[in-house]
Amino acid sequence: MASNSQQTVQALPIDIHYNKLLDWLINRRHCDQQWQKTAAQIREKINTAIQDMPPVTEITQLLQGSYINYFHCQQIVELMKDTDFGKKNMIGQYSSQKMKDWMEIIKMYETDGVYLAETAQMLARNVNYEIPAMKKQISKCQQLQKECDRKEADYASKCTDLKKKYDSKCKELGIQGKKIKSELAALVEDLPKTFDKICDSTSGLTLATDFYKDFVQFLTNEDLGENNLPMLKHIIKNGNTTTYEWRTGTKPEKIDCTKLFIDTTDEQDLLTDSADIDWGAGDGNIADIDFVDDINLDLSEITLETGGNEEGTDNQDAIDFSVVESDKDSNGIDYSDLVIVEHAEDGVAKGEDAKSLLDNPKTRAMFLDDLLEVEAFLVQRLEEMKEEGNFLSSSQFQSAPSSLQVTRETVEGMLIKVKDIHSQLTTVKMHHLMLIRNSPRYVDRLRDDLKQILTLADKMTFHEKEMVVKRDEAIQEQTEIQPKLDLIIKKTREVQKQMEIEISKKYKDRNVNIMGEINT
């Protein structure tokens with residue numbers, strides 16, 4: 001009966017959690033509670049013994065990159081037996097002091113089970129600290145790689161958006177964007193030709209102005225005379241004359257005007273030189289990456305300045321598309337806003353008098369007012385012509401002159417021509433060119449606004465490349481840590497098996513299982 005009971009107990013495995021292994025060994029007196037003192041002495045002897053070891057590959061591998069424990073010492077002794085250090089004397093003892101030192105180390109390990117306590121502590125330390133720390137670092141590297149990928153994509157997207165915005169702004173201005181001041185200066189020099197082309201196209205508005213005049217006269221029975229669209233009719237008849245000719249009715253004998261000067265010396269090509277900007281290199285430490293969402297670049301906030309006056313310039317230098325309010329004489333022509341500060345000699349156009357009608361901000365505004373007046377009339381007339389069944393309207397125009405008996409398609413054609421000329425003078429490009437024409441310093445502000453967009457795009461490119469470097473560093477660090485993690489997991493499992501065997505020997509070869517998350 002007792003024999004069966006012993007067999008039953010012998011068949012039961014011994015399960016020990018790795019965290020409780022050291023306490024379990026001390027409680028069962030397999031090792032002394034003060035084992036650390038002996039372990040420290042053993043460690044000193046090991047540090048002395050590893051000096052001048054025989055050049056055996058296996059021994060060198062054991063001594064490199066790992067904490068030498070009791071089982072390593074046993075392997076070292078076995079390997080040294082095959083070298084000159086393993087020779088024995090006549091009485092069967094090792095003659096080499098190096099071999100005697102290693103044998104003494106093994107004996108000290110086995111005294112009071114020091115090797116069991118040290119190995120149990122090492123097992124717990126590896127599972128609780130060393131392995132989790134390496135896994136955490138690898139996880140951090142993987143997270144960094146994902147964040148770098150996201151940041152790289154964000155920076156690339158922002159860079160693309162900024163470059164598109166730059167190209168769009170340059171397209172609005174009609175320039176390539178390489179040398180902004182030079183290109184804008186060339187466009188400003190061509191403004192008189194552009195004005196002349198616009199004035200030439202006003203000849204197609206004669207039908208619209210006559211239609212407007214006849215319509216008003218038919219309804220009011222009054223002859224509007226010069227009060228009806230004075231600036232528009234003058235340009236249709238005479239073209240883009242000087243302000244002097246419009247004001248006095250005679251051509252100037254001499255035009256004394258100051259030529260616009262824009263300094264373009266030493267201007268650099270923005271599309272090639274912007275890449276030389278140094279945004280500052282990082283120190284290569286991936287832990288320094290700040291992955292706060294800092295790419296909150298709102299492209300809508302980057303706008304070219306389109307209004308206001310340059311500091312130090314007169315209000316007349318700014319473009320004003322609103323209606324010019326002023327006192328007019330009996331002919332409806334405004335002279336008060338066009339009074340020249342300097343009293344020029346007869347026949348000599350100076351100052352504003354020397355400017356063409358479309359170049360002069362005041363007369364240009366009057367021209368635009370006339371265009372808007374005709375446009376508003378034609379739009380209203382089209383709305384009225386939609387009501388074909390309106391008996392009152394149809395009977396009212398039965399006695400109208402033939403010039404008013406036009407089709408809806410004809411009125412639409414008039415409106416298209418009026419809008420076309422108005423749009424040519426109110427584009428973003430024309431707006432900026434007029435501001436430059438009236439204030440040359442404005443070109444510097446315009447250049448700086450455009451350059452800011454390009455500079456931000458270059459900065460996004462720099463950060464994009466920086467993310468590539470940071471990601472490569474994270475990949476490299478992970479590559480270096482992963483083999484170390486695999487090695488320490490392998491060594492820990494080996495130590496686990498060795499401890500199970502050693503404990504099993506003390507319990508008549510019963511099965512011993514060291515439990516826990518060792519295999520994760």
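**Figure 1. The contacts of His30.** Leaving out residues up to four places away in sequence, His30 touches Trp24, Leu25, Asp112, Gly113, Leu116, Lys506 and Tyr507, where contact means heavy atoms within 4.5 Å. The model shown is predicted: local features need pLDDT of at least 70, side-chain atom pairs count only at pLDDT 80 or more, and totals for chains, interfaces and linings use all residues. Residues are numbered from 1 along each chain as its sequence is written, and side-chain values use heavy atoms, with hydrogens and water left out. His30 sits in the loop between helix H2 (21-27) and helix H3 (35-49). Helices (H or I, at least four residues) and strands (E, at least two) are DSSP runs, numbered from the N terminus. The relative accessible area of His30 is 17%, so it is buried; buried means under 20% relative accessible area, exposed over 50%, and partly exposed in between (1.4 Å probe, protein chains only). Asp112, one of the residues that His30 touches, belongs to the loop between helix H6 (97-110) and helix H7 (114-173). Phi of Asp112 is near 55°, a positive value in a residue other than glycine.

**Figure 2. The protein as a whole.** The secondary structure comes to 18 helices and four strands. Of the 520 residues in the protein, 40% are buried. Among contacts between residues at least 6 apart in sequence, 80% join residues at least 24 apart. The accessible surface comes to about 29900 Å², and 48% of this belongs to carbon and sulfur atoms. Accessible areas come from the Shrake-Rupley method with a 1.4 Å probe; for residues, only the protein chains shown count as cover.

**Figure 3. The largest nonpolar core and helix H8.** A nonpolar core is a set of buried Ala, Val, Leu, Ile, Met, Phe, Trp, Tyr and Cys residues joined through side-chain atoms within 4.5 Å. The largest one has 60 residues, and Leu184, Phe367 and Leu378 have the most contacts inside it. Apart from this core lies another, of 44 residues, among them Ala39, Val56, Tyr70 and Met122. Leu184 is in contact with Leu173, Ile175, Leu433, Ile436, Val443 and Leu446, leaving aside its neighbours within four places in sequence. Helix H8 (residues 180-189) is largely enclosed by the rest of the structure, because seven of its 10 residues are buried. The buried residues of H8 are Ile180, Lys181, Glu183, Leu184, Ala185, Leu187 and Val188.

**Figure 4. The packing of helix H11 against helix H14.** Two packed helices are described by the angle between their axes and the distance between the axes. Helix H11 (residues 230-238) and helix H14 (residues 361-386) pack at an angle of about 100°, and their axes are 7 Å apart. H11 is therefore roughly perpendicular to H14. Axes are lines fitted to C-alpha atoms, for helices over the stretch in contact, and angles run from 0 to 180 degrees between N-to-C directions. Angles under 35 degrees count as roughly parallel, over 145 as roughly antiparallel, 65 to 115 as roughly perpendicular and the rest as oblique. From H11, Pro230, Met231, Leu232 and Ile235 meet Thr363, Met366, Phe367, Asp370, Leu371 and Val374 of H14. The residues of this contact divide into eight nonpolar, one polar and one charged. Here Ala, Val, Leu, Ile, Met, Phe, Trp, Tyr, Cys and Pro count as nonpolar, Asp, Glu, Lys and Arg as charged, and the others, Gly among them, as polar. Leu229 is in the loop between helix H10 (206-220) and H11. Phi of Leu229 is near 50°, a positive value in a residue other than glycine, and Leu229 counts as buried at 0% relative accessibility.

**Figure 5. Val418 in helix H16.** Helix H16 spans residues 408-425. Val418 counts as buried, at 1% relative accessibility. Leaving aside neighbours within four places in sequence, Val418 is in contact with Leu205, Ala208, Leu371, Val374, Glu375 and Leu378. Val418 and Leu378 are 40 residues apart in sequence, and their C-alpha atoms are 9.3 Å apart in space.

**Figure 6. Gln478 and Glu466 in helix H18.** Helix H18 covers residues 442-506. Gln478 is buried, with a relative accessible area of 18%. Not counting residues up to four places away in sequence, Gln478 touches Ile138, Cys141, Gln142 and Gln145. Glu466 counts as buried at 19% relative accessibility. The C-alpha atoms of Glu466 and Cys148 are separated by 9.0 Å, with the two residues 318 residues apart along the chain.
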